[in-house]
Amino acid sequence: MPTAIQKWLSRALPLEETILVDILGGIVKALQLIFSGDPTLYGIVFRSLFFSGIAVILATLWGTPIAMLLALRDFRGKTIVKTFFNSLIGIPTVVLGLILYLVFSKGGPLGFLELLYTPGAIILGEAVLVTPILISIATTAIEAVDPEIMNLAKTLGASESQASMAVLKEAVNGVLLSNIASFNRAIAELGVALLVGGNIAGLTDVLTTAISRYTQRGDVGFAIALGIILMIIVFLINTVIITAREAKMLFTLGRSPQ
Amino acid sequence: MMITAELKNVTKAFGNKIALDNINLQIHGGEILALLGPNGSGKTTILKILAFIENPTGGEVKFQGETVSFKNTEKTRMQSTLVFQKTILFDTSVFNNIVYGLKIRKVPKNVRDEEVKNALKLVKLEGFEKRSARKLSSGEQQRVAIARALVLKTKLLLLDEPTANLDPKNASILEEVIATVNREMKTTIVMATHNMFQAKTLPHRITLMSDGRITEVGTPTEIFGKLSKNLASFAAVDNTFPGTAKATAVGTAIVDIGNGVQIEVTGQIQGATSIFVNPQDIILSKSAVASSARNVFEGRIIEILDLGSLVKLKVDIGKPFTVQITKRSFNEMSLNVDSRVFLVFKASSVQTV
């Protein structure tokens, strides 16, 4: 790098050491890593997809019944419950990460599970993170189903629970969308995975936490590679969502802050 | 005679609104019973109660001799099914819609497939199995909904205005299906309608309803043979008007129905009365005709309703009268809204109460 620029840099960034960032070199290395199928890199990608995937499945399992309750039943305090979940949609991930850290740590209520700094903690943590958004979208989807479908199923002989399943089936597009939106939030978050996972190389490091580590270390090539892959994933997800919106399958989707 | 279902002193309130007021009604096994009345008279509510998807606020409902407990209507729902006025279909294929109830009843697959095929044949929709139900025309959709109910072979079949939104062709297909199902499978049918002409031909008995109450029950002959007071005040019936009659010296009477419209009727009547003229008995003419008909009125077309092979026109002669003519005549006469026309009908075509 020309000495003039070096001089300017050391004056502009008055640090003890100025880390020289070779951007072009970084991009080249990134592409090399991606196309060579570097095992460390793809290990991180796989972990990200796997943890967030299981997290969404968990959230669906406990979130869908809640969504059905909120959409189909009337009970006292229903508005409060709905507001509660809606307001948790945008919780800063690092705050939730902190809460979960305290819960999973040795002195905490779930410390005996010894989940801290294990993949399980990340999966559980991200499941909790995405539950509000999953419930919010799924509830809206189920509420949008024609209320007479319930009566229709009943008059064809269905029991209450069978009729509820018929309503759920009608809302399946919206419910699927809630899953996709949840996956988006889970795979792109940093705070939870970092604080309860510990970012342990090869065990609990995921795309977001790894980008953070490699950038701080100055290993720009790796960080850029991870960043490119994460952007591709997010881009694909958003393409699906936008296509679905065009096909009139989507309801308003709130943007979730990092 | 077996009583399939019975409503005893049934009332139904939705908040402050009383939808049904002390209803007593017996449904005879194997009959077609029509509930005839204007919108809001309580027909749909009765059907929903008989389908056990709505519980009465008061009173008792008996099904096949036994009182129904409103806490557990699952068993009785299997024996009674309702086809809604506004067609609702599951967002899937025609086959999946029709087979739904059979799957719930755990009917074996080969029997299911056969039954669906037969049901589609009955409503003249053979081969429609794989079609997307919501993409069909409204007439076809209604027929799918009926097939979906028929396939269950319930003891009680409830139909809420089954032909209300159908053109005459689909309507007559459906009426034929209803008659066939009742005749051959002895299915007890209760159908709500505000179509007086349907009520004349299809059912064995008619229940007149108004404002949540039953005003009259009888056979079509009893109800229509002599136009009853209740039927005449039935606002949904076209060409029914209250008026004052003055007997003439020649054995007829002139009924003043307001706005200068005076209808000549046969029979010497005097005082308050109601008149009714069947839309099919009125001749529509573009010019004044010298004929033997006593009633000739000039007017303006205010509404045109295209029903496929028939056209219904509303003509304002001082009061709005409905006339029914064939599509062919309509095209030949080149009529449109605001066209000046003449209505012609005989004094003997007018029914009075």
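Predicted model: local features only at pLDDT ≥ 70, side-chain atom pairs only at ≥ 80, totals over all residues.

Visitor: In which loop is B:Lys106 found, and what is its phi?

Guide: B:Lys106 sits in the loop of chain B that runs between helix 3 and helix 4 (109-122). Its phi is positive although the residue is something other than glycine, and the value is near 55 degrees.

Visitor: Does B:Lys124 count as buried, partly exposed or exposed, and which loop holds it?

Guide: B:Lys124, which has a positive phi of about 60 degrees without being a glycine, belongs to the loop between helix 4 and helix 5 (138-150) of chain B.

Visitor: Is A:Leu116 buried or exposed?

Guide: A:Leu116 lies in the loop between helix 5 (93-104) and helix 6 of chain A. Leaving out residues up to four places away in sequence, it touches A:Phe104, A:Ser105, A:Ala121 and A:Val196. Its C-beta neighbours inside 10 Å number 20, and because 20 or more is the requirement, A:Leu116 counts as buried.

Visitor: What separation do the C-alpha atoms of A:Leu116 and A:Gly198 have?

Guide: Along the chain these two residues are 82 residues apart.

Visitor: Which residues touch the most other members of the largest nonpolar core?

Guide: In soluble globular proteins, nonpolar side chains tend to be buried together. The largest nonpolar core here has 132 residues, and helix 6 (residues 119-143) of chain A gives the largest share of it, 15 residues. The members that touch the most others are A:Ile142, A:Leu226, B:Ala147 and B:Leu158.

Visitor: How many residues does the other core hold, the one that includes B:Phe297?

Guide: This core lies apart from the largest one, and among its members are B:Ala245, B:Val265, B:Leu284 and B:Phe297. Its residues number 21.

Visitor: Which strands stand at the edges of the open six-stranded sheet in chain B?

Guide: The strand order in this open sheet is 6-7-8-3-9-10, and the pairing is mixed. Two of these strands have a single partner strand each, so one side of each is left without a neighbour in the sheet, and these are strand 6 and strand 10 (213-218) of chain B.

Visitor: What is the bridge partner of B:Val83 in strand 7 of chain B?

Guide: Strand 6 and strand 7 (residues 156-160) of chain B run parallel and are joined by four bridges. In strand 7, the residue that partners B:Val83 is B:Leu159.

Visitor: Which element gives the largest share of the side of chain B that touches chain A?

Guide: On this side, 16 residues of chain B are in contact with 13 residues of chain A. The elements of chain B that give two or more residues to this side are helix 2 (74-77), strand 6 (80-83) and helix 3 (94-104). The largest share, three residues, comes from helix 3 of chain B.

Technical notes:
Residues numbered from 1 in each chain as written. Chains lettered and ligands numbered in written order. Contact = placed C-beta atoms within 7 Å. Core = buried A, V, L, I, M, F, W, Y, C linked by C-beta atoms within 7 Å. Buried ≥ 20, exposed ≤ 12 C-beta atoms within 10 Å, placed from the backbone. Pairing = 2+ DSSP bridges.
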